[in-house]
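Please keep the sequence and the structure in view while reading.

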Amino acid sequence: MSDGYECATPGFLVWRLSMKWRVAVDRAVAPLGLTHAQYSLVASLYGMQRSGERPSQRRLADHTGLEPLYVSKLARALEAAGLLERARDPRDPRAVQLALTEQGRDVTRRAIEVVHALLGQLLDPLGGLDSARSREFTRELTALLDAPLDPFSENETEQS
């Protein structure tokens, strides 16, 4: 383990890894005119569109874990850059559906390639992207993401 992390909590290590990843992705996709948050949005939208879905901003927010208001702000910026289209949902006039433009699909494909290579670098210490350790790491991360968190439950218990 690296110097300085021997006594670190798992929460601190998750935070440091997520910050390391965010900064690395920001730098990697900047030449394509994207930020990490924008990349998260367009890459998720790309995958959803490939499976036949034209998600609403709310659905994309739920999928990415980003706040709906932030997704709206990102979508407006990406629309202004010509990378995606926003349209009212014919079934729900309050909802806004998102779709990548042709330019958006091209930029997203290139960004996915760049980030995939970066992921390979990140997972190299575990034996690479397709190693048993990386697969186990992915399972562990998924288990943590699937675990519900209620930030108020401990406070409520203490006050009872």
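A polar contact is a pair of N or O atoms within 3.5 Å, where within protein one atom must be able to donate a hydrogen and the other to accept it, and where residues adjacent in sequence count only if both atoms are side-chain atoms. In this structure, the backbone oxygen of Gly128 lies 3.1 Å from a polar atom of the side chain of Ser131. Ser131 is placed in the loop between α5 and α6, helices here being DSSP runs of H or I with at least four residues, and strands runs of E with at least two, numbered from the N terminus. Ser131 counts as buried because its relative accessible area is 13%, given that buried means under 20%, exposed over 50% and partly exposed in between, with a 1.4 Å probe and protein chains only.

The model is predicted, so local features need pLDDT of at least 70 and side-chain atom pairs count only at pLDDT 80 or more, whereas totals for chains, interfaces and linings use all residues. Residues are numbered from 1 along each chain as its sequence is written, and side-chain values use heavy atoms, with hydrogens and water left out.

**Aromatic pairs**

A search of the whole structure finds two aromatic pairs, a pair being rings of Phe, Tyr or Trp (its six-membered ring) whose centres lie within 6.5 Å; planes under 30 degrees apart count as stacked, over 60 as edge-to-face and the rest as tilted.

| Pair | Distance of centres | Angle of planes | Class |
|---|---|---|---|
| Tyr5 and Phe12 | 6.3 Å | 45 degrees | tilted |
| Phe12 and Trp15 | 5.9 Å | 40 degrees | tilted |

Tyr5, Phe12 and Trp15 form one aromatic cluster. Tyr5 is partly exposed at a relative accessible area of 23%, as are Phe12 at 36% and Trp15 at 46%. Phe12 and Trp15 both belong to helix α1, where they are three residues apart, about one turn of the helix.

**The largest pocket**

A pocket is, on a 1 Å grid over the protein atoms alone, an open set of points where a 1.4 Å probe fits, with protein on both sides within 12 Å along at least five of seven lines, and its lining residues have an atom within 4 Å of a point. The largest pocket holds about 1900 Å³ of space, and its lining has 40 residues, with Leu17, Ser18, Leu122, Phe137 and Leu141 nearest the centre. α1 gives the most to this lining, with twelve residues.

Conventions. Points joined across faces, edges and corners; volume = space filled by probe spheres on them.
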